[in-house]
Structure formats: C-alpha cells, structure tokens
Amino acid sequence: MPRAFTPKVITANALLEGDVVYLTRDDRWTRDLKEAELLTDEAHADLRLIEAERRVSEVVGAYLAEMKPGPDGPEPTHFREDFRRTGPSNYFHGKQEERA
Amino acid sequence: MYQYTEFDRDFLAARNAQFRAQVERRIDGSLTEDEFKPLRLMNGLYLQLHAYMLRVAIPYGTLNSGQMRQLAMIADRWDRGYGHFTTRQNIQYNWPKLKDVPDMLDALAEVGMHAIQTSGNTIRNVTADHFAGAARDEIADPRPVAELLRQWSTDHPEFQFLPRKFKIAVTGSPHDRAVIKAHDIGIRVVERDGQTGYEVLVGGGLGRTPMIGKVINDFVAAEDLLPYLEAIVSTYNVLGRRDNKYKARIKITVHENGIDTIREKVEARFAELKPRFTGVDQEMLATIEAQFAPPAFREAPTDAYDETYAKNPLFRSWCDTNLHPHKAEGYAIVSISLKKHGATPGDATGDQMRVMADLAQAYGHDELRISHEQNVILPHVHRSDLPALYARLKAADLATANIGLISDIIACPGMDYCALATARSIPVAQEIAERFAELKLEHDIGPLKLKISGCINACGHHHVGHIGILGLDRAGVENYQITIGGDATEDAAIGERMGPGFAYDEVTDAIERIVRAYLDTREGPQETFLETFRRLGADPFKAALYPKETVDA
Ligand code: SF4
C-alpha cells in the first residue's frame, strides 16, 4: 500500500544571504515558517516544488520539508527543521535574532 | 615563516578575480546553482544550515600577527565578529553573504591566505604538529616540507578530481600531535644513520570506516619524498573507487588491495616519476627552509616567572596545564585555550584574535599556531614574559587553565551549523565542560581527551578520543553513542563502542559516570584514564554506564 502523503512545506536557502526561506501560497519567499504554504496534496506539492526549483536566481536547494499543522501555521516534525527555523543554539544569531 | 612570492600573489589575484566574476554571474542569473556549486566549493564556500560558510586554510596551522589581525578584521567586517577554528587547522566563518565573499578572499590574499582546496576531491590543507619548530622532542621542523607539499598540491593539474578528498599531515617529533595515523597520508620525520628522511603512512582515516594508517615506507630519503608522494596519490587516483562514495577514500583502497600490493604499485610508479624530478623541488625546499629558520632566542633570567609561579596559585595552575617544554632554554610553548567552560569550542571573537596577535608580537616572535585541538598556540615565549602575558590573557577572557583536561573538548559544529549533521555537538560540549567545572574535578582527573562529532563523518575525531561521543539521529531524536579508549597519538587506536546510545539530556550524566568509574578504579592519580582503560578494559565503564537495574528493566 502506498504511504499516505504527510504535510510539507517548500523550503530553500536564499541565494544572497544563504538563510532559510519558505514558499508562501502567493509565491513569496518568507523567512517565517508560519507564513509558509502547508502542502497537503502530493500532486500539488510536486508541482509547487518544480515551480520553486525554477526560481534559480532567488534560492538554492529547494526541497519539501515534513511539517505538521499548528495553531499559527506549519510546525516542524523533525529537530533539523526546528533548527533551520530558529537558528543555532550556541549563539543568538540567525532567525531568532531577527525576530527578537 | 614562508613569505609569498610574486608567483603566489599573481596566482591568487587571478583566482580571486575569476571567482569574483563567477559570483557576479551567479547573482545576475547567468550561472545556475548546478554550474556555480563546484566553482564556489573550489574556493572554500559551502552552503550550510542557516547561511553560507567560508572555510579558510591556515597552512600547517601557522600564522603571524598580521594574518591573525586580518582574520579578526574579516570576522568583524563581513561576519558575526567571530571565527571558528577547526580540527584541520582551518578557520570557518559561519555567516558570510554571497556578495561579500570576493572581498573577503581579497582581504585574505593581502596577507597571503586563501580558501582554495578547502573543499572538493583534492588535496586539502596540509596540517602539521602545532608545536612545530618549538617542541623539545622534535627531530626537525616539519613545516618546510608541509609548505613544499602545499605548493606542490595547490592547483596540481593531475589531482583536482581525485576519487575523494585527500588529507596529509606531517610531524617532526616522535610524539605525534598531528594525528598522522588518521590521515590519508601521514609523514613523520625520522633519522637513520645520521640522515634525515621520512616515514610514510597511508590509509588512515576516521569517518564511517575508521582505520589506522599503515607504514608504506619506513624511510624515504629527503630528495625522494615529493616523487614518492606523487606516486602514492597517482596510484590512488587510478585505483581508488569512484563507484561508491563511501568506498572512495584511500583507506578503503589500501584495505581492499592490501598494503603490499599498494606498495608495489607505488614503487613502480615512483620508478617512472623519479627521473622527472630534476632537483628543482629540493632547491625550492632549501629556500623554504631558510624562511623557517628559528627566531633568535634570547638568554635571560627567569626570576620573574619563578616568583609569580611561587606566589600566584591561579598563574601556577595555568602554567601547569597550558605550558609545554620548549627546545630553547628559558622558553615555553604556551597554549591559549579556546575552551572556556560553557563556551563554543574553537571559537574566538575578533577582539580575542587581536589580543592574541598583539601578544604574539610582544612576547612570541610574531608567531601563532592553530592546533587541531581547536586552541591557539604561542610557540616561543620566554618564561620571564609569562606573568605579563598571563595577565593580558586573563583580561581578554583567554586564560582558561584546562589544556589536555576533560573540558578541553574537540567538538565539530554539528547540527547548529553543519548541513550534514545528524545531531548537535556544541551544546553537548558546553554542558559537559560546565558540569566538570562545577564538580571541580578536572585537575584531579588529569589528562583526558573528549571528542565529539555531530555525525559519522567524524570531523570531531570522536573515534580517537579517550572518550568519544557521536551524535546520531535515531528515529527523529538526537542520540549519542559513546566510545572509550581511542588514542590520537603515535599509539593510535580506535575507541571501543559501549552499549546503546544516550538521549541528549542523558549524555552529561553518562560521561560523569564513566569518569567516576575511572576515579574509583585507578591505581592512583598517576594512572591516566587511558592507562586505566588499557589495564581493565571496557567492563568497569560499561557497568557504570548501564547499571544492572536499567539493563534488566
Ligand atoms: S562530523 Fe558531521 S556534523 Fe560534524 S562537522 Fe563533520 S560533517 Fe558536520
């Protein structure tokens, strides 16, 4: 039996800054995971990834990252994506700092 | 120290101009990432978890104060005001912006430094004993040969697309501080019948399949070294596996073919190559050697040192752990710990780098070294200068007295930065160091090398730590596997894996249990952790790690 499709978002690194970005429903790249489009349909997700991959002068290494729906938007299911969303744990650098 | 020639400068200027144009073409969209990636990697530019990362080579770990100041300037101007020193004597900047990287490379070139071949399947930064030219037990300074190898391997046309990356380390001392047995090629200066030559090892390496290097030739004459090494790399270039990334390192080539077969092939290739080396390399080596002439050591009384040592217990404690015997009378080798308890191992701020540069200039014959243990060394300090030096280190928060102790931890960047990581390593190191600082036990414990990697690639050398920790991803949760009994010296050994791994919040307790087991079973303070392990084996440590109740449960 094929595995059920689990929700995902499209994420990548911004070309110029290298920081983590997510694709929104209205085709923007956001730094804030909460704003990302949560993809729940496999065919739609694949299509969105193809579209994202075409935007080569904006981002690097787009891929589908596993997420779950939360009260304020998508939330990571794996600690790697949690770090990508937040920034390193030894210094208050990266996203956590921008948001503070 | 080696001074760049016009050739070096022109080469670097051309490479940097070329890369600047490539970055521009990437930004304006005329190059895709697939096209650009190999180009940026050739220039040491990685893309990590949260940002780009620029890895800069510090050849054989040697810097002068001007270079250190420039590294500080780069950190302040284009990065986040700090740099991370690595186990391969490189410095990594964790937050550069793509458009700034060409300027950073130009700034490096101003002081004769670059990021070339700090990535890719090439010969990487040639590393050396961080006490080179200073250690009392040294036969000869390994750095002239390391510099010759740097020149030979940089942009070597035949070796730009090897089956896999290739790491070389050199030591001039019988006591190995450069981990030569865990390198693709390890070189040790030896003496035979009054002649200086080299013992050459191949096939060492850590990572997924850790192996201890094997002696391929116990005495290569000085003038044969370069053709002999070229023969090894050339043999590997043909024989090494390109079908499987995990079997592509020379350690697997040696393992699969056997050292004797490899030796025969290398000898055959050497016979072909040797006539092509007309002696130019030896002339170059002589020029390089002249530039590594030892500084003019002075003769002076050490009373000031003796007095401070007698009356200041903090200074005494720092001297007892952070100094190493120097070959010159009245001198000491100073290790500056970048392992303050609770800090990130191997990180130095721009301000700290400048202080260390100033101190090298004032008291250290203008020399600094970066050790693979992620500390900074002032190799030549007269003892009479130590009290003043110590005071200034203290003011800059750089006087931690823990070299060689349990809190002097090697830790790779792990999941906090590295895109390949399977778990964090930095916070694990921070917590362990803080725990042992609180317990006030580490001086009683004595020499203990703890090394942490955030994935199987083993950049944190966990296999050769007396205690090694490997961070893994077990079903979406960080899990830490512990090994014991590894050794990175001339008696190199791979650590023995204990039982099941530990959760992130259990590691520090687990390490404390191991250490307490050692304290309980050692035959006295003079018996080190490693000696106790060798005497008793793993059992007492396993028993401490996995108390009966939990095993039965
Ligand atoms: S050991 Fe793994 S996690 Fe650590 S720096 Fe190397 S590749 Fe990254």
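**Asking how we know**

Guide: In this predicted model, helix H1 (residues 42–54) of chain A lies across strand E1 (8–14), strand E2 (20–23), E3 and E4 of chain A, and runs at about 145° to E4(A).

Visitor: What makes E3 and E5 of chain A stand at the edges of the sheet?

Guide: Start with the strand order, E3-E2-E1-E4-E5 in chain A, an open sheet with antiparallel pairing. Strand E3 (29–30) and strand E5 (73–76) each have a single partner strand, so one side of each has no neighbour in the sheet.

Visitor: How do you know that E4 and E5 of chain A pair?

Guide: Pairing takes at least two bridges. Strand E4 (residues 59–70) of chain A is joined to E5(A) by four bridges, so the two count as paired.

Visitor: Over to chain B. Why is B:Phe533 called buried?

Guide: Buried means under 20% relative accessible area. B:Phe533 comes out at 10%, so it counts as buried. B:Phe533 sits in helix H17 (residues 529–536) of chain B, and beyond residues up to four places away in sequence, it touches B:Ile484, B:Gly485, B:Glu496, B:Ala538 and B:Phe541.

Visitor: And the largest nonpolar core: which residues have the most contacts inside it?

Guide: Those are B:Met68, B:Leu71, B:Trp318, B:Leu386 and B:Leu389, in a core of 59 residues.

Technical notes. Residues numbered from 1 in each chain as written. Chains lettered and ligands numbered in written order. Predicted model: local features only at pLDDT ≥ 70, side-chain atom pairs only at ≥ 80, totals over all residues. Heavy atoms only, no water. Core = buried A, V, L, I, M, F, W, Y, C linked by side-chain atoms within 4.5 Å. Buried < 20%, exposed > 50% of the residue type's maximum accessible area, 1.4 Å probe, protein only. Contact = heavy atoms within 4.5 Å. Axes fitted to C-alpha atoms, helices over the stretch in contact; angles between N-to-C directions.
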